[in-house]
Amino acid sequence: MKKTLITVLALLLGVSLFAQSAQERPRFPRFKVLAFYNPHVEEAHVQFAEEAVKYFKGLTIGDGFVFDVTTNMADMNDEKLKDYRMIMMLNDVPHAPEQRAAFQRYMENGGGWFGFHVSAYNDRHTDWPWFLDFLGGGVFYRNNWPSMPAKLVVDKSDHRVAKGLPSTFIAPENEWYQWKPSPRENKNIDVIVSLSPDNYPLGLKDIIPDGDLPVVWTNRNYRMVYVNMGHDSRAFTNSTQNYMFINCFRWIMECDPEGNPFLR
Amino acid sequence: MKKTLITVLALLLGVSLFAQSAQERPRFPRFKVLAFYNPHVEEAHVQFAEEAVKYFKGLTIGDGFVFDVTTNMADMNDEKLKDYRMIMMLNDVPHAPEQRAAFQRYMENGGGWFGFHVSAYNDRHTDWPWFLDFLGGGVFYRNNWPSMPAKLVVDKSDHRVAKGLPSTFIAPENEWYQWKPSPRENKNIDVIVSLSPDNYPLGLKDIIPDGDLPVVWTNRNYRMVYVNMGHDSRAFTNSTQNYMFINCFRWIMECDPEGNPFLR
Amino acid sequence: MKKTLITVLALLLGVSLFAQSAQERPRFPRFKVLAFYNPHVEEAHVQFAEEAVKYFKGLTIGDGFVFDVTTNMADMNDEKLKDYRMIMMLNDVPHAPEQRAAFQRYMENGGGWFGFHVSAYNDRHTDWPWFLDFLGGGVFYRNNWPSMPAKLVVDKSDHRVAKGLPSTFIAPENEWYQWKPSPRENKNIDVIVSLSPDNYPLGLKDIIPDGDLPVVWTNRNYRMVYVNMGHDSRAFTNSTQNYMFINCFRWIMECDPEGNPFLR
C-alpha cells in the first residue's frame with residue numbers, strides 16, 4: 001500500500017518512480033531555456049521547430065529544466081532574456097535593430113545560444129556585421145534540394161560535443177547549407193562535425209557539387225553551438241543525431257559562467 | 001486466375017504468399033510466449049509495454065508463434081504457465097508470495113524469461129533473495145533522468161545474443177538503470193552489452209556520473225536475458241536495437257531444454 | 001516588407017526560400033518517373049508501396065522531378081512509357097504478354113528501372129526467360145519469416161550506389177528473399193550489397209539457414225537496380241537505408257543515355 005501510494009504520488013507529480021531514491025546523486029538545479037520559432041516561415045522549417053519543441057519539452061518531464069517557447073521575436077529583449085541561461089533559435093533570426101542589440105548584449109554577457117539551420121542564414125541584405133562575426137564569417141552560399149540524408153564526419157573527436165559519437169554516421173533528411181567563406185577558416189571557430197565529401201554531388205534538384213560544409217560548430221568567444229539541421233520533420237528520428245543534439249545542449253549549459261548546473 | 005486465387009487464399013490465411021513454396025525449408029513448430037505488463041505504472045513504462053506488445057505481436061503475423069498478453073499478475077501460476085516456453089516481463093515484477101513461488105518454479109524447471117527495464121527493479125524493500133540471485137545480485141542504485149539515448153558497447157561479441165551487432169552503437173532514448181553491486185561481479189552472469197563510459201556524466205536532472213552499467217546480461221544458471229531498455233515509446237524505432245531484441249528472443253528459445261524449436 | 005513578400009511568394013510557389021539565390025548552381029532539368037504498384041497484393045507489400053510513394057513524392061517538393069504513380073499495369077505500354085526516364089516497380093511485375101513486351105522494349109531502349117522486393121519474384125510458373133536473364137538468372141528460392149531487421153554488407157564499395165555507405169549496417173525489418181542460383185554467379189551482375197552470414201539462421205518461422213543472399217544488384221546490360229527491401233511499413237525509417245535508396249535512384253538517372261540530368 002505504501003509502495004502504491006508512493007507510485008501514485010510519483011505519477012501525479014510526473015516524476016520517475018526512482019528519481020528520489022538515491023540520496024548520493026547530484027541534485028539537479030533547474031535552469032531556464034527559451035526557444036524562439038516563427039510559425040509563418042517555410043513549412044519544413046515550421047515542422048522542424050514543432051518537432052524540436054516536442055523533443056526538448058520531453059527532456060523536461062519530471063520536474064526537469066524549464067523550457068519556454070515563444071513565437072514572438074519581440075521577446076528578444078533584456079527584461080525577458082535575463083531569466084534564461086540559454087536561448088534556442090529554431091528557425092529564425094532577430095530582425096529588428098533592438099532585438100539584434102538585445103541578442104548581442106545577451107551573448108556578450110555569457111548567454112547561451114543553440115541555433116539550428118536557418119538561424120544562421122545571412123546574405124548581403126542582412127546588414128548585421130556582429131552576427132556574421134558571431135557565426136564565423138560565413139554567408140549563405142548554397143544548399144542541396146530536396147531534403148536528403150547525408151554522411152557526416154566528426155572532425156574534432158576530442159570536443160565535448162563529439163563525445164561518444166561514431167567517427168562517421170548518416171544523418172536524417174535535411175536541407176544542408178553551405179557557407180562562404182567556410183567558418184572553418186575563422187580562427188575562433190571549432191568545426192566539430194562536417195559533411196563528408198562522399199555525399200557530393202549532393203542533391204536531385206539543387207546540387208552542392210563540392211567544398212567544405214561544416215555542420216556543427218562553435219565560436220570559442222561565445223557560449224554557442226550551431227547545427228545545420230532544421231529542415232524536415234524527421235530530424236529527431238535518429239538515435240545518433242538525438243545523442244549529438246543532447247551533447248550540444250548539455251555542453252552549452254556546462255559552460256555557463258554562472259556555474260555548471262549539472263555539478264551543483 | 002489460379003495465381004490470383006492462391007494470392008487471395010494466402011491473404012485470407014494471413015500468410016506470406018511464398019511461405020509454403022520451398023519444401024526444403026525447416027518447418028516452424030509453434031511455441032507459446034506469455035507477456036506480462038502492468039497498465040497502471042509510470043506512464044513511460046506503460047508506453048514501452050504497449051510498443052513492445054505491438055512489436056512482438058508483429059513477429060507472429062502469418063501463423064507464427066503464439067504471443068499472449070496479460071495484465072493480470074495472478075496469471076503467474078503453475079497452471080497458466082505450463083503451456084508457455086517463455087514469459088516476458090515488460091514493466092513489472094511478481095509481488096505476491098504465491099506468484100513469486102510460481103515464477104521461481106517456472107525458471108528452475110527450464111522456463112524462459114525475457115525481462116525489460118523495471119522488471120529487474122529491486123531495493124531493500126523487495127525481500128526476495130532468490131530473485132536477487134537470479135538477476136546477478138544487483139540492487140537498484142541510480143538512474144539518469146530524463147530518458148536519453150546512450151552509446152552501448154558489446155562486451156561479449158562471441159555470445160549468440162551479440163551475433164551481428166556492431167561493436168558499439170547508439171541506442172534510443174531510455175532511462176538507464178545502474179545496479180549495485182554490478183551484476184558483472186557475479187560469476188554466473190554474462191554481461192553481453194553495457195553502457196559506454198563515453199556517456200558519463202549521463203543525465204540532465206538525475207546524473208549517473210560513472211561506474212559499470214550492464215545493459216544486457218544473462219544468468220547462465222537460467223534461461224533468461226535481461227535488457228535495460230523499457231522506458232519511453234521510442235524503444236522500437238532503431239533497427240540495430242530491434243535486431244538485438246530479436247537476437248535475445250531467439251536465443252532464449254534456442255536454449256529450450258525441450259528442444260530448439262527452430263531446428264525441428 | 002520586401003523580404004516578407006519574397007518569403008510569402010516562395011511559400012506559395014512551394015520552393016525553398018533560397019532555391020534561386022545562387023546563380024552559379026547547376027540548374028535542375030525536370031525528368032519524369034513512373035511508379036507502378038498493385039494495391040491488391042499482400043498487405044505488407046501494399047504498406048511498403050504506400051510508404052515508398054510518400055517518400056519519393058517527398059523528394060519532388062519544390063518543383064523537383066515529376067513522380068507519377070499508377071496502380072494500372074496496363075500503363076506498361078509504349079505510348080505511356082515514352083515520357084518517363086525511369087519506372088519504379090514497388091510490389092508487382094508485368095503479367096500480360098503485351099505488358100512484358102513493352103517493358104522489354106523500354107529497357108532495351110535505355111529505360112531506367114528501380115525494382116523492389118517482389119518485383120523480381122519469379123518461379124517455374126513465370127515463363128518469362130527475358131525477365132529472368134534481366135534479373136541475373138535467380139529464381140525465387142526462399143525467404144525468412146517474419147519480417148526482421150538484418151545486417152547488410154557492402155560488397156562493392158567502389159560502386160556509385162555504395163558511395164558513402166558504411167561497410168556494414170543493420171537494415172530495418174524486411175522479408176528477405178534468397179534466389180537460386182544467386183545472381184552473383186551471373187557475369188553481367190554487380191552485387192553491391194548483400195546479407196551478412198552473421199544473420200543466419202534467419203527467421204522465427206521460415207528460416208534461411210545459410211547461403212548467398214544479394215540485396216542490391218545491377219545488371220550491367222541495363223539501366224537498373226534491384227533492392228530486396230519492400231516488405232513492411234518500416235522501410236523508410238532508417239537514415240542509412242534511405243541514403244542508399246537515394247543513391248540507387250540518383251545513379252539510375254545519372255546513367256541516362258539521354259544525358260545525366262544532374263549535370264545539365
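In chain A of this predicted model, Pro201(A) is located in the loop that joins strand 9 (189-195) to strand 10 (214-219); helices (H or I, at least four residues) and strands (E, at least two) are DSSP runs, numbered from the N terminus. The peptide bond leading from Tyr200(A) to Pro201(A) is cis, with omega near -10 degrees. A further cis peptide bond runs from Trp145(A) to Pro146(A), where omega is near 0 degrees. Pro146(A) belongs to the loop between strand 5 (139-143) and strand 6 (148-154) of chain A.

Residues are numbered from 1 along each chain as its sequence is written, while chains are lettered from A and ligands numbered from 1 in the order in which they are written. Local features need pLDDT of at least 70 and side-chain atom pairs count only at pLDDT 80 or more, whereas totals for chains, interfaces and linings use all residues; side-chain values use heavy atoms, with hydrogens and water left out.

In chain B, the loop between strand 5 (139-143) and strand 6 (148-154) contains Asn144(B). Asn144(B) is buried, its relative accessible area being 0% (buried means under 20% relative accessible area, exposed over 50%, partly exposed in between, with a 1.4 Å probe and protein chains only). A polar atom of the Asn144(B) side chain lies 2.8 Å from the backbone oxygen of Pro146(B), and the side chain of Asn144(B) also reaches the backbone nitrogen of Trp176(B) at 2.5 Å. When neighbours within four places in sequence are set aside, the residues in contact with Asn144(B) (heavy atoms within 4.5 Å) include Asn174(B), Glu175(B), Leu202(B) and Asp206(B).

Positive phi values occur at Asp63(B), near 65 degrees, and at His117(B), about 45 degrees; His117(B) is not a glycine, and Asp63(B) is likewise a residue other than glycine. Asp63(B) lies in the loop between helix 2 (43-58) and strand 2 (66-70) of chain B and counts as partly exposed, at 47% relative accessibility. His117(B), in the loop between strand 4 (112-116) and helix 5 (129-135) of chain B, is buried, with a relative accessible area of 0%.

Over all chains, the count comes to 108 aromatic pairs, where rings of Phe, Tyr and Trp (its six-membered ring) pair if their centres lie within 6.5 Å, and planes under 30 degrees apart count as stacked, over 60 as edge-to-face and the rest as tilted. Phe103(A) and Phe134(A) form an edge-to-face pair, at 5.5 Å centre to centre and with 85 degrees between the planes. This pair links distant parts of the chain, 31 residues apart, with Phe103(A) in helix 4 (residues 97-108) and Phe134(A) in helix 5 (residues 129-135) of chain A. Both Phe103(A) and Phe134(A) are buried. The pair of Trp128(B) and Trp130(B) is tilted, with 6.0 Å between centres and 35 degrees between planes; Trp128(B) and Trp130(B) are buried. One aromatic cluster in chain A has among its members Phe31(A), Tyr55(A), Phe116(A) and Phe262(A).

Charged groups also sit over rings (NZ of Lys or CZ of Arg within 6 Å of the ring centre and within 35 degrees of the ring normal). The charged end of Lys32(A) is placed over the ring of Tyr84(A), 5.1 Å from its centre, and that of Arg250(B) over the ring of Phe262(B), 4.1 Å from its centre.

Chain A superposes on chain B through a rotation of 120 degrees with 0.0 Å of shift along its axis (RMSD 0.0 Å), by least squares on the C-alpha atoms of residues with pLDDT of at least 70 in both. The two copies are therefore related as by a three-fold rotation axis.

Definitions and conventions
A polar contact is a pair of N or O atoms within 3.5 Å; within protein, one must be able to donate a hydrogen and the other to accept it, and residues adjacent in sequence count only if both atoms are side-chain atoms.
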